[in-house]
Amino acid sequence: GARRPKTPNTMPRGKRPKLFVFDLDDTIWRPEMYLLNGGAPFTKDKKTGRVRDRTGEEVTLYPAAREALHELATSKEWQGSLVCYAS
């Protein structure tokens, strides 16, 4: 039969990755930075949490990216792991 890939729940504790590298544009957020009309500086609305560039265009995290980053930041399973960003 086909072998199922290992997931965090089925990986032995010592075999889990310690380093996670994420690309940014169109992987973590949208739109890609080169598509923005304004660019930096970016501001975050304290009430809504939305991030906008200097012309007011919104930059949003992909839902799955938000979930993955939250899991890595808060779960005891990934404590001590490093998260890096590449672009």
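Student: Let me check a term: buried means under 20% relative accessible area, exposed means over 50%, and partly exposed is in between (1.4 Å probe, protein chains only). So what share of the 87 residues is buried?

Tutor: Buried residues account for 20% of the protein's 87 residues. Keep in mind that this is a predicted model, where local features need pLDDT of at least 70 and side-chain atom pairs count only at pLDDT 80 or more, while totals for chains, interfaces and linings use all residues. Residues are numbered from 1 along each chain as its sequence is written, and side-chain values use heavy atoms, with hydrogens and water left out.

Student: Got it. How many helices and strands are there?

Tutor: The protein has one helix and six strands. Both are DSSP runs numbered from the N terminus: helices are H or I with at least four residues, strands are E with at least two.

Student: And what order do they come in along the sequence?

Tutor: The pattern reads β-β-β-β-β-α-β. The helix, α1, covers residues 63-74, and strand β6 takes in residues 82-86.

Student: Let's look at β6. Is L82 buried or exposed?

Tutor: L82, which sits in β6, is exposed, with 53% relative accessible area.

Student: New topic: salt bridges. What counts as one?

Tutor: A side-chain nitrogen of Lys or Arg has to be within 4 Å of a carboxyl oxygen of Asp or Glu. The background is that side chains of opposite charge can pair when their charged atoms come close.

Student: How many salt bridges does this structure hold?

Tutor: It holds three of them. One of the pairs is E77 with R16, whose closest N and O atoms are 3.0 Å apart. E77 belongs to the loop between α1 and β6, while R16 belongs to the segment before β1, so this pair ties together parts that are 61 residues apart in sequence.

Student: Which partners does E58 have?

Tutor: E58 bridges to R50, with 3.3 Å between the closest N and O atoms. E58 also bridges to R52, and there the closest N and O atoms are 3.9 Å apart.

Student: How far is K18 from W78, in sequence and in space?

Tutor: Along the sequence, K18 and W78 are 60 residues apart. In space, the C-alpha to C-alpha distance between K18 and W78 is 7.6 Å.

Student: Now the backbone. Which residues does a cis peptide bond with omega of about -5° join?

Tutor: That cis bond links R30 and P31. P31 is in the loop between β2 (29-30) and β3 (43-44).

Student: And what about the peptide bond from A40 to P41, is it cis or trans?

Tutor: The A40 to P41 bond is cis, with omega near 0°. You'll find P41 in the loop between β2 and β3, which is also where P31 is placed.

Student: Which residue other than glycine has a positive phi near 60°?

Tutor: That is D26, whose phi is near 60°. Look for D26 in the loop between β1 and β2.

Student: Last one: how exposed is D26?

Tutor: D26 has a relative accessible area of 42%, so D26 is partly exposed.
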